[in-house]
Amino acid sequence: MASITKHIATAKQLLDNGELVAIPTETVYGLAANGTNSMAIKKIFEAKGRPSNNPLILHFAALDAIAPYVNFITTDVKLLAEAFWPGPLTLLLPKSNNVPDSITAGLRRVAVRVPQHPLTQELLRVLDYPLAAPSANPSGYISPTQPSHVQKQLGDKIELILDGGPCAKGLESTILGWDDNGTPTIYRKGVITAEAIEKVLNQLPQNHQSKTLEAPGMLSSHYAPRTKTVLTDAIDQTITQYENLKIGAIRFHSTGKVNQKVDKEIILSNKGSLEEVAQNLYAAMHELDGQELDVIIIEKAPEDGIGKAINDRLQRSATSP
Ligand code: TXA
Ligand code: MG
């Protein structure tokens, strides 16, 4: 079991010694290590069972701290940083020699971000190195949005979870880079939408299409519960198809009715707010996955705004009815 604490000095001491610490961010909890220490980085891959060809994000206290780890910072990067940092945006930038190859899996770009959670901000400010931090879940499983999720999944592999309460946003950061033609490109959707980025860059970023391993976390069968999970536009109809099984259902908003065929139902947002849906989604999936159900049936979000990022994750965790 890991200890769950708000004590930053203890976290710093462990990290300085090359150990792992789970940290809160506004998106999901991260499994952090000194991002300049190859031995410490190796422990992240081991604890998660993560393939070594899947690169890690480096986390910094502010844009200024990033300069030594990248080759240049363009005006567009400065504009995005002003608009969105600290916050749930990760940028892929040309790396400098200060970034260990194990961070980038040998790629030419490094992923960098300035997270928003006050505890992690405070921690990053007392460290003299960036934190490498993937989501704090075993590779391929649902990301954690509460300390208890980390404890359940990785508690036997780490000593400390920094307790920042439930994550405010609840979905992993948006990942943005520039392709070979200099076109801004979204590699992972998040709560910072293409439209919000367009307002800053005066150009709508494209969605990355290729199936290559450029952002390996974007391969399908990620973010998956152990229980069979089904994604649907017509939840009550789909429930009927699984009638004789133990069913968990996740709905976006309350219908005011109870479906008698469902063993356990979770409403993500009574008022139907997509922000609230994103915030509560992974906790609902964790909860239902722990209940020995035969199937979890999840309602699709409207494909609009952050609904696109929600559906993107749901498609990777589920099969069709
Ligand atoms: O919100 C987040 O981004 C969270 C919190 C903890 O910051 N972190 C997170 O890390 O989601 P992770 O490792 O679970 O997902 C990072 C994604 C992976 O899909 C990885 O392949 C991609 O970013 N990535 C990292 N570095 C990359 C690089 N240099 N080029 C392309 N993709 C990269
Ligand atoms: Mg992850």
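**Sheet, cores and salt bridges in a predicted model**

Ile247 stands opposite Val295 in S15. This is a predicted model, in which local features need pLDDT of at least 70, side-chain atom pairs count only at pLDDT 80 or more, and totals for chains, interfaces and linings use all residues. Residues are numbered from 1 along each chain as its sequence is written, and side-chain values use heavy atoms, with hydrogens and water left out.

Strand S13 (residues 247-251) and strand S15 (residues 295-299) run parallel and are joined by 4 bridges; two strands count as paired if DSSP finds at least two bridges between them. Strands (E, at least two residues) and helices (H or I, at least four) are DSSP runs numbered from the N terminus. The two strands belong to an open sheet of 4 strands in the order S12-S15-S13-S14, with parallel pairing. Its edges are S12 (229-232) and S14 (264-267), each of which pairs on one side only.

A second theme is the nonpolar interior. A nonpolar core is a set of buried Ala, Val, Leu, Ile, Met, Phe, Trp, Tyr and Cys residues joined through side-chain atoms within 4.5 Å; buried means under 20% relative accessible area, exposed over 50%, and partly exposed in between (1.4 Å probe, protein chains only). The largest such core has 44 residues, of which Leu80, Leu89, Leu91 and Ile197 touch the most other members. Among the elements that each supply at least two residues are helix H3 (75-84), strand S5 (89-94) and helix H7 (194-201), while the largest share, 5 residues, comes from H2. Not counting residues up to four places away in sequence, Ile197 touches Leu80, Phe84, Leu89, Thr174, Leu176, Ile186, Ile192 and Pro205, where contact means heavy atoms within 4.5 Å.

Charged pairs complete the picture. With a salt bridge defined as a side-chain nitrogen of Lys or Arg within 4 Å of a carboxyl oxygen of Asp or Glu, the count comes to 16. Glu172 and Arg313 meet in one of them (2.8 Å, N to O). Glu172 lies in the loop between strand S8 (160-162) and S9, and Arg313 in helix H10 (residues 307-317), 141 residues apart; both residues are buried. Arg313 also forms a salt bridge with Asp312, the closest N and O atoms being 3.0 Å apart, and Asp312 is likewise buried. Salt bridges that share partners join Glu172, Asp312, Arg313 and Arg316 into one network.

The salt bridge between Lys300 and Asp233 has its closest N and O atoms 3.6 Å apart. Here Lys300 is partly exposed, at 29% relative accessible area, and Asp233 is exposed, at 63%.

Notes
Chains lettered and ligands numbered in written order.
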